[in-house]
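Open the model in your viewer and keep the selection tool at hand.

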Amino acid sequence: MADTISFARGVPAPELLPVEELADCARTALRDPAALGYAPGGGFPPLRAWIAERHGVEPERVVVTNGSLQGFVLLARRLVAGRRRVVVEAPTYDRPLAILAELGADVVPLRLDDDGLDPEALAAVLREGPPPAFLYTIPTFQNPSGRTLPAARRERLVEVAREHGLLVLEDDPYGLVRFDGEPEPLLLELDGGEHVVYSSSFSKTAAPGLRVGYLVLPRTLAADVERAAVSTYLSPAVAGQATLYEFLRRGLFGPHLRRLRALLRVRRDAMLDALASAFAPEQFTPPRGGYFVWLRLPGGVDEGRFVADARGAGVALVAGADFYPAAAGSAPAVRLAYSAVSPEEIARGVARLAGLVPPLAALESRLATR
Ligand SMILES: Cc1ncc(COP(=O)(O)O)c(C=O)c1O
């Protein structure tokens with residue numbers, strides 16, 4: 001099929017990028033020689049200060065990295081010495097899983113329900129074995145499942161972390177991309193930042209090519225991560241950070257976020273409408289923000305086969321199993337990203353998928369017997 005529709009990529013569509021604004025900001029930012037030199041390991045100082053103020057912390061607690069995944073690598077390398085346990089959500093973002101596997105971490109999966117991770121299940125894991133190096137969680141509009149942890153669970157999670165001396169890495173690149181409802185408190189806010197390291201990124205809210213992500217850490221850990229950054233790449237990529245800072249300084253971020261949310265909401269709605277006409281309601285949970293919907297497949301459907309058949313029908317998507325640690329079993333599912341495709345492509349793509357599974361009535365009866 002000529003035109004493959006991709007639900008595989010969790011990136012903003014080109015028309016969602018603030019191209020003209022960033023181009024103009026770059027012209028201004030790059031006239032400052034500081035934007036073309038080396039920067040301290042913690043990041044371009046004005047941007048570091050802006051982020052620190054946003055989170056109400058001292059700038060020394062912020063490390064601005066070349067995308068937030070880079071921050072994950074620096075932190076995980078520092079924390080996973082030897083074969084230490086790391087608790088992850090199942091499913092979770094696949095790239096940290098690959099990094100943890102490379103580091104030889106003993107990855108402990110925590111199954112999610114519709115509300116995300118269950119703090120009591122976490123407490124049980126913590127009582128069982130050696131203390132983990134950290135918990136990796138994406139509490140808001142999770143990649144891949146779109147799920148969000150409710151406020152009460154957040155409070156309990158922070159309590160459990162305190163009781164057990166557990167370090168929590170809260171990864172939050174999608175939190176500002178909210179369509180419905182009031183924001184839940186950040187784990188960082190609930191904890192104050194002793195047991196919680198916070199990670200975020202401008203990849204999903206401005207442009208991924210800027211490569212700007214950051215960590216908010218306890219002071220001593222921040223100094224360690226900054227040292228690791230300097231010995232890994234000498235200086236962060238300052239030009240992108242300075243351009244982004246100019247974008248923030250001019251007050252363009254707020255209006256851009258409003259436009260982004262409005263455009264992505266239309267895509268989310270197009271995805272939910274299309275899914276509702278082709279699949280049973282139990283098969284997907286509407287996300288209230290972010291980039292993704294998780295589509296559960298009926299028990300009898302072979303997930304790998306479904307992904308291959310979808311590709312044959314002109315739809316790219318990612319198999320659910322990719323988001324689980326190697327040894328953890330998983331129920332058949334796929335991740336659908338609606339961020340990089342138009343509402344019209346979403347409707348056509350889902351219609352192609354609908355043709356690949358048994359008719360709705362058969363699906364419903366199978367689901368009912370699960
Ligand atoms: C949950 C999560 N964390 C981190 C990242 C990495 O983003 P960045 O571009 O900031 O490295 C992504 C990107 O898809 C993501 O989904």
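## Stop 1: the ligand

Select leucine 69: an oxygen atom of the ligand is 3.0 Å from a polar backbone atom of this residue. Keep in mind that this is a predicted model.

Step back to serine 68. Here an oxygen atom of the ligand is 2.7 Å from a polar backbone atom. Now pick arginine 211. In this case an N or O atom of the side chain is 2.7 Å from an oxygen atom of the ligand.

## Stop 2

Most residues other than glycine have a negative phi, and most peptide bonds are trans. Arginine 211 sits in the loop between strand E8 (196–201) and strand E9 (213–216).

Next, select alanine 90 and proline 91. The peptide bond joining them is cis, with omega about 10°. Proline 91 belongs to the loop between strand E3 (85–90) and H4.

Move on to asparagine 143 and proline 144. A cis peptide bond joins this pair too, and omega is about 15°. Look for proline 144 in the loop between strand E6 (134–137) and helix H6 (151–164).

## Stop 3: H3 against H4

Two packed helices are described by the angle between their axes and the distance between the axes. Show helix H3 (residues 68–79) and helix H4 (residues 94–102). They pack at an angle of about 30°, with axes 11 Å apart. Angles under 35 degrees count as roughly parallel, so H3 and H4 are roughly parallel to each other. Their crossing is right-handed.

H3 brings Leu69, Phe72, Val73 and Ala76. H4 brings Arg95, Pro96, Ile99 and Leu100. By class, that makes seven nonpolar residues, no polar ones and one charged.

## Stop 4: H3 against H8

Which residues of H3 meet H8? Select Gln70, Leu74, Leu75, Arg77, Arg78 and Leu79. The contact of H3 with H8 has eight nonpolar, two polar and three charged residues.

## Stop 5: H10 against H12

Finish with helix H10 (residues 253–278) and helix H12 (residues 343–354). They pack at an angle of about 25°, with their axes 9 Å apart. That angle makes H10 roughly parallel to H12. H10 passes H12 in a right-handed crossing.

Show the contact residues last. From H10, select Val266, Arg267, Ala270, Met271, Ala274, Leu275 and Ala278. From H12, select Pro343, Ile346, Ala347, Val350 and Ala354. How do the residues of this contact divide by class? The contact of H10 with H12 has 11 nonpolar residues, no polar ones and one charged.

Definitions and conventions
Residues numbered from 1 in each chain as written. Predicted model: local features only at pLDDT ≥ 70, side-chain atom pairs only at ≥ 80, totals over all residues. Heavy atoms only, no water. Axes fitted to C-alpha atoms, helices over the stretch in contact; angles between N-to-C directions. Helix = DSSP H or I, 4+ residues; strand = E, 2+ residues; numbered from the N terminus. Parallel < 35°, antiparallel > 145°, perpendicular 65-115°, else oblique. Left-handed = near helix turned anticlockwise from the far one by under 90°. Contact = heavy atoms within 4.5 Å. Nonpolar A, V, L, I, M, F, W, Y, C, P; charged D, E, K, R; others polar. Polar contact = N/O pair within 3.5 Å; in protein donor to acceptor, adjacent residues only side chain to side chain.
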